[in-house]
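Work through the exercises below with the sequence and the structure side by side, and try each task before reading its solution.

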Amino acid sequence: METFAHMLILWLTYLGISMVIGGAQLTAAHPSTSTPCHPSTATHPPTNTPHHPPIATHPPINTPHHHPIVTHPPTHAPHHPPITTHPPTHTPHHRPIVTHPPTHAPHHRPIVTHPPTHAPHHPPIATHPPTHAPHHPPTTANPPTHAPCAPSKIACYDVTHFGAVGDGKTNDTKAFQAAWKVACNGTESEVKITVPFGKSFLVFPVVFNGPCKCHTITFEILGKIIAPPRSGWSKKGTDEWLYFHRVDNLLVSGNGKGLLDGKGETWWLHGSSSRPTALRFSHCTKLNVRGLKHINSGKNHVSLNHCDDVNVSNLTMIAPQFSPNTDGIDISASTNLHIHNCSMETGDDCIAINGGTSNVTISNIRCGPGHGISIGSLGKKGKHEIVEAISVRNCTFNRTENGVRIKTWQGGSGFARNITFANIRFIDADNPVIIDQYYCPHKKCANKTSAVQVTDVTYMGLHGTSSCKNATINFSCSETFPCTNIVLKDVDIESDDPRRPTSATCINAHARVDRTLKPTLNCLMLKKKGGKFIPTRLNFMKKLFS
């Protein structure tokens, strides 16, 4: 019996040792459910409770009590608290996940044999700034010189990124030049240079030269650009302040915010020859200028020379009535222009159209004070000049010195022809309608026989009031080259003073009248005798064309 009992004890002992060894082997071959299936993807051990803690009443040998099953660090607190025989003593309901290791050892350290080589799918939520680079580029002391616009095809260049200060005192000329050089010579198809809103940039005379490599270039003026006073100019004979030369497909835009201040008040009392034009465009094709305000130019506010396919709109120009030669827009040797929806208050012509210009449409211009809209002067110093295909429509002249005017010098040659003034309103304009082939702004000019011929001019739908004390309509034409084919339709201009009736005068003007004509012109010439035109009474003229 003792032998049987002794053998039974030996057998049970053997059986127990085998089970322990087998269990250990099983544990090594099949880790407990709290062991992660894959190495943790966190580069630092997490300090929060895992999403799915293990359910274990007896942890296996050599295994931590709670081994997290996580492939990625969780971004928020677990939905369900862990079920353990030893609950944590201080774990919060929602503990942040940090990328920095904790300052104390965690209660439950995960088994990680090798740290992952890739970043987690979900970035950690950290109470401290991460040590890796953020998703967005940092703000630096030297921002990039350009950034994509909307649409992203356009590259943007802000002048402040090139060193412009915009305090109205610092010379920002070099920054403007640098921005232009980079934008004009860049590889992008469309570029934009921006003068930002809310700043005033002091810029000395500068030339923006082309041609540019880009297809289109926009110069966006949202802030103020200020010229230096006359005393600050190193070259007093400079003809222009801001000068764009040989730049095609150019848009200069102010979006109704941009302002150019020419500081002309420092120039006006120092003669006329050296004063600068504020904004000049030369040898440009496909030019668009819009949405700018110009004040106090030294001379012309805008000049267009040798340009083709030009659109000018929504400009406001202001200079005192006494300021000399402060034309709004001065045009020469240019073709295919459309100027519309502008307001001009200047000391000279609102728009002046000079030689070599053709195919110009001007509409919806509010002019005054100023000298009106003029064609010329033409033929100065014997020049041969041509202007043709000009249309001026739907314009208002408010207390201007002149209205619609054609002026030529004696001794010149060429012609001004195919010109229409239509739907014009005068408000106390001093000289509403003028053709002057004896133009002479000086005290005395020499009499010469040659002249620029004026022909095919139509006045249609001219109404309003005049403050003129002399002639409301004045045609003073050359004896050798008289004005021909002048047409007046629906012209009704009254005096602003009932005690002073309107009047008209004409010399060597060959014209015809349709419908209303007020004031009456009884000086027009219709017949030719011995090579000369002779005056014919208006009543006879009406019968002739009725």
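Contact means that heavy atoms lie within 4.5 Å. This is a predicted model, in which local features need pLDDT of at least 70 and side-chain atom pairs count only at pLDDT 80 or more, while totals for chains, interfaces and linings use all residues. Residues are numbered from 1 along each chain as its sequence is written, and side-chain values use heavy atoms, with hydrogens and water left out.

**Exercise 1.** Find the loop that holds Asn300, and decide whether Asn300 is buried or exposed.

*Solution.* Start with strands, which are DSSP runs of E with at least two residues, numbered from the N terminus. Asn300 sits in the loop that links strand E14 (293-295) and strand E15 (302-305). Next, take buried as under 20% relative accessible area, exposed as over 50%, and partly exposed as in between (1.4 Å probe, protein chains only). Asn300 counts as buried because its relative accessibility is 9%. Finally, when neighbours within four places in sequence are left aside, the contacts of Asn300 are Thr277, Ala278, Asn325, Asp327 and Asp330.

**Exercise 2.** Trace the open sheet that contains E6, and describe its edges.

*Solution.* Two strands pair if DSSP finds at least two bridges between them. Eleven strands, in the order E6-E9-E12-E15-E18-E20-E22-E24-E26-E28-E30, make up this open sheet with parallel pairing. At its edges are strand E6 (206-209) and strand E30 (504-507), each of which pairs on one side only. Between E6 and strand E9 (residues 240-245), which run parallel, there are four bridges, and Val206 has Leu242 in E9 as its bridge partner.
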